[in-house]
Structure formats: structure tokens, C-alpha cells
Amino acid sequence: MNSPRPSPAEASHTALRSGVSRRHLVRAGLTAGPVVAALKTNTVLAGAHTCIKPSTFSSLTAAHMKVSQGREISSNFQCHSPERWAGSNQSLAPDYKTKTLFLSEATGFRANPGGIFTGKTLQQVLEMGKVQQNVELARYVAASYLTAVAYNDRSDMVLLTRKQCRDIWNGQGIWSPFKGTTWTRDQTLGYFSKIFGPAFL
Amino acid sequence: MTRWALPDGLQGCRQADFVLRRWGEEGVVYDDATGSVQVWNGVACDVFELLLTRSPLSESQIAAALLPGEDLTEEDFTMVRQLLLQFQSMGVAECLPD
Amino acid sequence: MPAGLSAALRLADMSLAQVRQRLRSDGLWLRLPPFVVHVRSEIPVVAQGLHLLYANHECLDGATQGFADFHVSVNARRRWFRPLCSFEMDGFRPFTPLAYGEAYAFLEWGLNWCVTSYCHTLLTIHSAVLEKNGRVLLMPAPPGSGKSTLCAALMFNGWRLLSDEMALLEPGSGLVVPAPRPVSLKNRSIEVVRQRWPQAVLGPVAKDTMKGTVAHVRASTESLSRAHERALPAWLVFPKYQAGESLTVQPHAKPDALVQLASNSFNQHVHGRRGFEALAALVDRCDCHDLCYGDLDQALAWFDALELPS
């Protein structure tokens, strides 16, 4: 069952002993806003991972991830996850990830929420593991960026170009994947979860 | 006097839609109508429990329950009202007509 | 015959050639507790992987078995520039094709997808799950947290594996249902396991996958022989591996633990209120911790010292 919690009178007594008035606590709670954390609706956990461009993701999402009989989805793209990039250099110079700063002229990434990305290299960002939403986005963007660099933005090889990676990061997940559409941060994270497959690896 | 209660849904009061589980000060609220799962701070949980068990309630009654034995001020009532308005925008409370 | 297993036909009782032949023809019917799976594939590495990693799993007679929870296959798809393979369940292809060399890993991923997409009598949670002394440890964790290495290490350290990927929770009883299958390892963790536990049976290695190099290690015999034993959860641990860091443990607030569990649940939304209450009961029952570790032995010692919740 639920842990027993103090009645308002008991809480008041405890608060007074610690030097914090009950009124102060109540006012802090009233002004802070009720919601401390919320479950993000996650439609991707139940789905399959698949290496698809944003436009394909968008149309599949509308079709509840069902592919019509006979429809061929292009699958030749390079789709290297943050974990893979953390452990290999692919065709890049051996020190590219460890020398290139995540926030730099080279990458064009400017947003720095919480200041936690200052001075971090691409390798360090790939290895950041704490589950906070902006770290998750940073790792995805870093991996996508490295793939774009490795394959020189070839449209037949990469899912996202370097410019698209910049748009995503600098918009903190809010960007336009194709004309006439703007994705929210949740939609962008959903796309990355889909292509990098969080559920089964 | 403005009074507050849980909102009505298609089948009457939505009291049955909500599940609140508390550990320590904070609690987790589940809304069966939307599937939402949220962590709320302790005071928000206290106010919500009051609405779940004793609706309808006025802002002054809620403030008095939160601060028993204290002299209440206009600022206290204003803060309670702000929380209730947030609840209203979240669909978990409604203001009853006078 | 490994101790603890019944006298039924095991996959290891068949030669690799026989397994290949069966997979190419009418398929293999395997008991993968709590499910029965019918598998077909003409790809040699799939036969190799199954023969190694499911050696102790029961092989059923298709003619008399009749029912399977899932009918799956991994098939070659020829492209002129790159050989590929596809995963199918009941003729439906939920994934885009992968490189031919990933065929065995594709089977494992596909089986996970089948369970999370269709098994809705149970609540499924993305988590490693192990048991010791009758109580269950759950470790929900995102990729890169070191969960799988930790899971394999705990298994080799005497913990019973229930699953490396999915906790199956009975909503009514709160019991966790075992589903022991090969533990998925990636990149450096493959070598860690190989070095520390040379007796570990490792399956085919798939290089250059989306997640890097992937291999699977066979579940312990004890885990399989006790796959019928459900158990109650006692510990919910959120692990994080950080090289060079000393071990730190913090309590994880239960309200947030519940939201994390719901976030990691594949089908809490299907179960609705009952699912929420089952997860809340699980959190209530468990001691919840954040564990940050840089040394695997320190982490193992900490887990071994876990006490039952008060």
C-alpha cells in the first residue's frame, strides 16, 4: 500500500522543527505548478526499428506503421546509432570525434540547454548516458551528423544531412523535415527512436 | 462563493477515472480517460485528494484544509485559485456556477 | 543431458545439418517459455545460432504440436548490389530488410517484437530481469547504460535470468513470468564476457549493424530449467555504467520510478487502469535505486548484498 504520509498538522509540526513554515511549503507547492514529471506517450516502443527518412516515417505513422502489400520501402540508408558511433570511426579520421567539439563552427550546433554541452566533443556527447531529454536528442543528432559527414550528405545514403541535423539541434527538436510540416520535439524524438530502435537492442 | 469539483465526463462525475498513488510528499496521478500518467507535487496531491473526497469545495475551504489553524490571507486564496485554474486547464477540476 | 531439464527432445539432440534441413523445410517448433515459436529460415547463420544458443530448449513435434504463438521466418532477399534478409511473422514484414549477415540477430529482434506487439495478456516492460532467493530484480534502462553486460554478469554470478530485455508482469498477481532467451551483447561487452567467462557460449557475431557489433550469449541451464517459476519483484534498479567512476547508489523516488516504468512499458496503455495499478503495486513492493558504477565486480558485490525490502 501507499507509504503513510503526515497529516497537514503533522507536516506543520515537522516543518517547524526544520525551520521551514508549513505556509512556506504550501506556497512553494502552489506556485511551482502541479506537474513534476509526466509520461510521454511513446508509440515507438511497441514498434519495429527501421531505417527510413522523415517523410517515410511521417506517412507510415499516418498508416499506423502498416506497409501496404507490395510497397517497397527504400532501405539502403546508413543508419548508425549513437552506440555504434561511440565505438567506431567508420571512414572518418581516427581523431575526428574526439577533436571536434559538439558546439562549434564545424558542426554549426549552437543551442546549449543548461550549458551542459560546453566544451564537449562529439565523442563525449555520444557517451553521455543520463536519461534527460536534451541529452537523448544530442546523442541522436551527433550520430546522425557523423553519418552525414561520413557519407558526405549523399541523399541516397544518409537519412539526415548536416544542415538538417543543425536545424534539429538548434531548434531543440522543433524543425521542418519537409515542406509544409513542422515537427515537435516529441515527434522528432519519436523518429529517432524509430530509426535507432530503442526497444530491442 | 466559487466552488470547485471534479469535472463531469460522458457518464457523470469523473471521480472514477482517476487513480492517485502517493509515496512521501509526491504522488502519481493516472487519468483513465486519457491514459496520462503524471507526478504531482505534494500540495497538488493534497488539493486533488480534497476534491476527490469532499467535492464541492470553495477556495477558502481548500486553503483552510492546507493550512489548518493558520490565519489565512488573500494571497493564500489567490494561490489556491491559481492551482485550481491549472487543474481546470488540465481537465481535472471544474469551477461550479454559483 | 544438463541437470534440471526434462527428457524431452532438445535442439542439441539434433545435428546442425538436421536443424538446417528442418528450418529450410517445415520449420522448427521450439518451446521458448512461456511461448511456442515456429521458425523457418534457409539462411545458414540462423541455423547455426539456434543450434548453439537454444541447444537446451525443447524441440516439439510440429505434426502433433499444432499451435504456435508465433510463426516467424528470416528469409534471404537478393539485391544485385547487397544481399539482404527480411523478418516475417505470419507473412507480415514489420521491418525493413537488414544485411544478410545480421540474419540471426534479426531473428532475436523479431521475436522481441512479436512478444511486445502481441502478448497483451501480460504487461511487458523494457527491462532486464533476474531472480535470486525467490525475489526479482528489474533493471529498466536505455541503450548504452551497460544493462546487458550487467545482466550477463549477474547471470554468470548465480542470478537466474528471466529475460535480458523484457519483464513480463501478470497484472493480477504481480508475479513476473520468466522468458529466458540468449542475452544480447554489443560492442565492448562481447569481449568483456568472452574474457571473464570463457565457458560462456556465444552465438554468431554480426558486425556493422546499426548498433555496432552484436552477439548473443546462451542463457544458463538453471535459468531455462526453472523457467516455470514465477516470482515477485523486490528491487527496481536503474543502472548507469561510467568508466572510471566509483560505485554510487542513490534512492530513486518512487513516484518517478513509476513514471519511468510506465515509460518503459510496451503496453501499459493497452491495460489501462489495471496496468497502471499493477505497475504502482510493483513500485510499492520494491526498493528503488539509481546505481552508477565503473567496476563490474563492485556492482556485482552490491547486487549480491541486496536485502529484501522491509
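Modeller: This is a predicted model, in which local features need pLDDT of at least 70, side-chain atom pairs count only at pLDDT 80 or more, and totals for chains, interfaces and linings use all residues. Residues are numbered from 1 along each chain as its sequence is written, while chains are lettered from A and ligands numbered from 1 in the order in which they are written.

Colleague: At roughly what angle do the axes of helix H1 and helix H2 of chain B cross?

Modeller: Helices (H or I, at least four residues) and strands (E, at least two) are DSSP runs numbered from the N terminus, and axes are lines fitted to C-alpha atoms, for helices over the stretch in contact, with angles from 0 to 180 degrees between N-to-C directions. The axes of H1 (residues 42-54) and H2 (residues 59-66) of chain B come within 10 Å, and they cross at roughly 125°.

Colleague: Which term describes how H1(B) and H2(B) lie to each other?

Modeller: Angles under 35 degrees count as roughly parallel, over 145 as roughly antiparallel, 65 to 115 as roughly perpendicular and the rest as oblique. The axes cross at roughly 125°. H1(B) and H2(B) are therefore oblique.

Colleague: Which residues of H2(B) meet H1(B)?

Modeller: Two residues are in contact if their C-beta atoms, placed from the backbone, lie within 7 Å. From H1(B) come B:Val43, B:Asp46, B:Val47 and B:Leu50, and these meet, in H2(B), B:Ile62, B:Ala65 and B:Leu66.

Colleague: Which strands stand at the edges of the open sheet of three strands in chain B?

Modeller: The order in this sheet is E7-E1-E8, with antiparallel pairing, where two strands pair if DSSP finds at least two bridges between them. Each edge strand has a single partner strand, so one side of each is left without a neighbour in the sheet; these are E7 (57-58) and E8 (94-96).

Colleague: In E6(B), which residue is the bridge partner of A:Ala38?

Modeller: Strand E1 (residues 35-38) of chain A runs antiparallel to E6(B), and three bridges join them. Within E6(B), the partner of A:Ala38 is B:Gln38.

Colleague: Is C:Ala206 buried or exposed?

Modeller: C:Ala206 is found in strand E14 (residues 206-209) of chain C. A residue is buried if 20 or more other C-beta atoms lie within 10 Å of its own, exposed if 12 or fewer, and partly exposed in between, with C-beta atoms placed from the backbone. Because C:Ala206 has 24 C-beta neighbours inside 10 Å, this residue counts as buried.
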